[in-house]
Amino acid sequence: MTKQFRLPEGGRIDRERRLGFSFNGRAFRGYAGDTLASALLANGVHLVGRSFKYHRPRGIFSAGSEEPNALVQLERGERTIANLLATRIPLYDGLTATSVNCWPSPEFDLMAVNGLFHRIFPAGFYYKTFMWPVSGWKLYEYFIRRAAGLGRAPEHPDPDTYDKMNTHADVVVVGAGPAGLQAALAAGRAGARVLICDEQTEFGGQLLNERAEIDGLPAFEWVAAAESELAAMPDVRLLKHTTAFGHYDHNFVALIETRAAKISDGEGKTRQRLWRVRAKRVVLATGAIERPLIFSDNDRPGVMLAGAARTYVNRYAVRPGSRAVLFTNNDDAYRTALDLKAAGISVPAVIDVRHAPGGELPAKVMAAGIEVIERSAIVGVEGTRRVKAIEVMKMNDAGSGVTGKPRRIECDLIACSGGWNPVVHLHSHAGGKNVWRDDFGIFVPGPTVQASAAAGAANGSFSLQACLDQGAQAGAEAIKLIGFTPAKASQPRATNDPTEEPWRNLWLIPSTRPTGERGKHFLDQQNDVTAADIELAIREGYRSVEHAKRYTTLGMATDQGKTGNIPGHAILAKALGQDIPATGTTTFRPPYTPVTMGAVAGRMVDQFFDPARRTPMHAWHESAGCKWEDVGQWKRPWYYPKPGESMDDAVSRECLTVRNAVGILDATTLGKIDIQGPDAAEFLNRVYTNAWSKLSPGRCRYGLMLRDDGMIFDDGVTSCLAENHYLMTTTSGGAARVLAWLEEWLQTEWPELKVYLTSVTEQYATLSLAGPNARALLGELTADIDLSPDTFPFMSWRTGTVGGVPARVFRISFTGESAYEINVPASAGAALWTDVMHAGEKHGITPYGTEAMHVLRAEKGFIIAGQETDGSVTPYDLGMDWIVSAKKPDFIGKRSLQRADCMRVDRKQLVGLLPKNPTDLLPEGGQIVKEVLKSPPMPMLGHVTSSYRSATLGRTFALALVKSGRERIGQTVHVPLEDRSIACDIVNPVFYDPDGSRLNG
Amino acid sequence: MVESYRQQSPLDHLALTTHPARHADDAGLILGQRSFMELINLRGDANRSDFTDAVRHAVKIDLPISANTAAGKLAGPHILWLGPDEWLIVAKPGSGERMATALRNALAGQHAAVTETGQSRTCIMIGGSHARDVLAKGCALDLHPSAFGAGQCAQTLLAKAGVILHLPLAPKGAEPMFEIHVLRSFAAYLWAWLEDAAQEYGLRVDI
Amino acid sequence: MFLIDCPYCGPREETEFSYGHEAHVHRPAGAAAEKLSDAEWADYLFMRKNPKGVHLERWVHTHGCRRWFNAARNTHSNEILAIYRVGEKPPKGLAQ
Ligand SMILES: [Zn+2]
């Protein structure tokens, strides 16, 4: 930081707080209150990067979110952030940044050779250059990515945290400039709940950059008073350094707040917060973005937006140049001329494209001794790494060409202004249309379906007084629409607010040669799109703005063309011989500025990403060292390996113990639905394929549910608890889905049925005992339930006390063994489990997990909905004709089972598979063919649905769906794998105890 | 009924009685748990006076008919509105079976459903000056006191868990605490999420 | 992110709801279904409207009162023009 570039006084910087930082490896100093961009300029650094395609040297172009060039990589290592705008990074001590798009440095860029061969990079260069051969893409992509630069993603997890906050407001005001503050005051004074946010670290908007006055005092004082009045209101939330990046359906506004002064670091709290805001009304006071004039070589470092030059001088007390010329089509740039001159910068001339500019501001400039060169154009820029001089020529009346002799003016700063574009992005996000205003040549917010309105510069009203008035009015309108009465208050007056003459929109500044020859007229500096590219695209047949945009990549860089889009569309319109509104504008989409992935994720990471649902016995399983299986959100024990056991060892042991002694399974996760009402049985008749009218209290029945297309949806056992009272079980993963489905049928299709459904899944802990010793073990734990098979047969239930706990015991089996499912109050589940384990010791008990359960049920040929079925399987396909009632007049799916397609004989049917080699394990999902051909395609017969090693059978086995499978029993088929093929026999899908004697015993 | 020494709450494994934030001063957020509350899910037609009369007779509280409201006195049981034909009766531990029987008797012959669900859930208490801020991190409801005050309840999402949120009336001078009735399988997840969300405000665990 | 006015609980965020499908699809039941040709049954089963404009559709308040209800939504603007209960007819002017 040298005296040469920092003004001796003024600005909103804190000269007491000096901060050190580094940029591209060089150490610099700045002040608190600087941005990285202002601090660089204060050190005389203009050159901050190289352009995307041509690697032309580029300088700081703006002072805000519209910046196309000054993209940096902030910090290193795990906290690094790519593509931040130097103009939006508040300076902090120790900041480290590098340019994103140059190597080894912006001063010496090896890729700049691209600029010399620019003819290989015309519009559509991706499409043209990298079209063929397709196999070359790996190479092209490497080249493009390498050349494109544009930052590096961190290679390690982000150590910082991010969070989200939901909030609601009567009025959300986006932007805290004069219009926004006025709107918030109007709403807040009436007692409304208000949220006002601004992307900058201070409120004030454009006023922060100006020498404006309100009520005779510097405008900052009015801003400070407005802010403290708002802060004192109980229901007003003020969010600084917070960008409203998206406006969505039903007035949902998404904000991103940077909470730490060091934006690369959380400083102990969440680094950024994503606000999810629901607004009754939205006031968009988002201001305007200055647009450049499109002249030859308008991208040279030292070319800057006129408003930005003024901002650096007024707000940051920085001299962006020592000798500045203004190039403008409007009066506002004359403010910059005056402010620069007042800061001691030499201003030799204002070049105006208009004829005889005569407003108040030009008059002041002329009175200040600055030359005004009317109806003229900059036709050339000298200097590549920094502007050295310009050439100026007179234009013809139409502004389509230049005449006379060029005049050379030495300067190191060109501050240009092509007018201001209202920031209509948020309005556009939520489906709002933009309408063209011919007087300014701008798009302003038009009709919208959202409850929102724009005010101030965002609405195309650029004078300070208009911003103040419109803001107040928009705030008052907003609250009136939602039932508040505006409070009376005196309104501020802008006291140095000269009237301005009309702009002259000259979209392409003529030069001495055809567009694109020698000098380049840049529209999109980040993507290196020039006026010549647009004209070429038109010549090549692109007519629609959306096509031309994609072909040329205009506006598709990270800045979304905030500065150059409108001139680009205007040039497109002109080339097409249309007016701009007919040509149209592109649709703006969120986010307004890039949002970090961390903020999008918030705290929904790691353990919070998805809830891990725990059963009451979870801690026991954990201490037993089980391996977990995720079933939906549930954590279920998968298997319990003993020291030294492999998974196969453990599962084999668990299976054999169930077959030969007794096993215990935590079945709490099964869905349970309590069904009550006089029409409960009729309801079951309609939702299950089988008949339910005759199920009496104390009895259980297995049921299959279909969708109305006849395909299997879920299955489970339902028990009759009492007259008109049933308990349905569903699969673990299907509990919520089944309940919602049943409610839909009940509420929408059969509202006449008197039935109430209540989820009781978690009311009970379910302990499932299975195996030949199950009865003996249970007998030790209960005194009041008669377990003799005659009084407590298979498919029935009893109540009583088990281990001192009130219990409902169901005699049902998923393993093929004699089994009891014990439901007890959930809070007692862990205690009972421990008791059962103790009592079971002498019966040889083992806990078993889902894997053993799957093996055991598959040995019996029992299906799992979702494993043997995939939404295209009917009960007939599974050979379950016995469960489909032919007598019931209707049930869900009944008519569909009669569709010709469901009756086809060549449908895939459930069969068993036994690999010829009993140690070969088929992969689940493996495709089945009749014969193995040399190479695909081979006609496929079906696929493997379940496949296991069975300790009981002493071999591997599988279930599969095979075309006309039942007819093929006895045949040999093959499952081709990558390196070999497994031959198998098709067999009946019941491998164990086919007559069910163990189950009933 | 299960004897109390055999009962475990879904947060038992966290050993909250020895939580480091057990006696923190100046905490902006207070978390607690009320375990083994009795819950009865009640279904019926509120347009029928025989139904509402029977409930009043059995529970001694008028059924709340307005959406998102709760009825009941400070200390006694509460009835929370869950839907147009669904309510949740919240009562202190040990009283559930008796109340369910009284309801079933009073509703005999009517089309109504009384289902005990107290074992399904636990009740996490959340209070302190930043209670609403912490809830707002994971709940999209409007939690401003003017929109969600004492006596209100809602079924909603908190983080990724479905919850029944209730702000009971507080005795004069006492700090109101939200009750979060959460399914027991989600309780550990939700507790961890709340502790995390509370960090910036300072946490005290009141068990 | 929609704000959906549940006819029972009031306005709640979209995340609490689940979309069902087109509303007012008549389901032929029992004998009526048996009489239909496969093509007619398939028409009930599979064919749905997909308009740009007003769509009458079914939603359920999954994480709230668990009630199903109908909504008339403009699929272009996402504006919800009416919410009405199951069994009720769509408001005048919105019927399709
Ligand atoms: Zn609802």
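A polar contact is a pair of N or O atoms within 3.5 Å. By that rule, 31 residue pairs are in polar contact across the interface of chain A and chain B, with both residues at pLDDT 80 or more. The structure is a predicted model.

## The interface of chains A and B

Start with the side of chain A that touches chain B. The elements giving two or more residues to this side are β8 (162-174), β15 (272-284), β34 (671-676), β38 (756-759), β41 (805-810) and α22 (829-840) of chain A. The top contributor is β8(A), with five residues. By residue class, this side of chain A divides into 21 nonpolar, twelve polar and 16 charged residues.

Now take both chains together. Chain A brings 49 residues to the contact, and chain B brings 46 residues. About 3800 Å² is buried between the two chains. Carbon and sulfur atoms give 52% of that area.

Charge pairs also cross the interface. There are six salt bridges between chain A and chain B. One of the salt bridges between side chains links R193(A) to D142(B). Their closest N and O atoms lie 2.9 Å apart. That falls within the 4 Å cut-off, so the pair counts as a salt bridge.

## Strand pairing in chain A

Strands of a sheet pair through backbone hydrogen bonds, either parallel or antiparallel.

| Strand pair | Sense | Bridges | Residues opposite each other |
|---|---|---|---|
| β1 (14-23) and β7 (95-99) of chain A | parallel | three bridges | F23(A) and A97(A) |

The β1 and β7 strands belong to an open sheet of five strands in chain A. The strand order is β2-β1-β7-β5-β6, and the pairing is mixed. Which strands form the edges? They are β2 (26-32) and β6 (81-85) of chain A, each pairing on one side only. On average, neighbouring strands of this sheet are turned by 40° against each other, direction ignored.

The β22 and β23 strands of chain A form a hairpin. Six residues lie between the strands. Which residue of this hairpin takes a positive phi? It is G399(A), with a phi near 75°.

Notes: Residues numbered from 1 in each chain as written. Chains lettered and ligands numbered in written order. Predicted model: local features only at pLDDT ≥ 70, side-chain atom pairs only at ≥ 80, totals over all residues. Heavy atoms only, no water. Contact = heavy atoms within 4.5 Å. Buried area = accessible area lost by both parts, 1.4 Å probe. Polar contact = N/O pair within 3.5 Å; in protein donor to acceptor, adjacent residues only side chain to side chain. Helix = DSSP H or I, 4+ residues; strand = E, 2+ residues; numbered from the N terminus. Nonpolar A, V, L, I, M, F, W, Y, C, P; charged D, E, K, R; others polar. Pairing = 2+ DSSP bridges. Axes fitted to C-alpha atoms, helices over the stretch in contact; angles between N-to-C directions.
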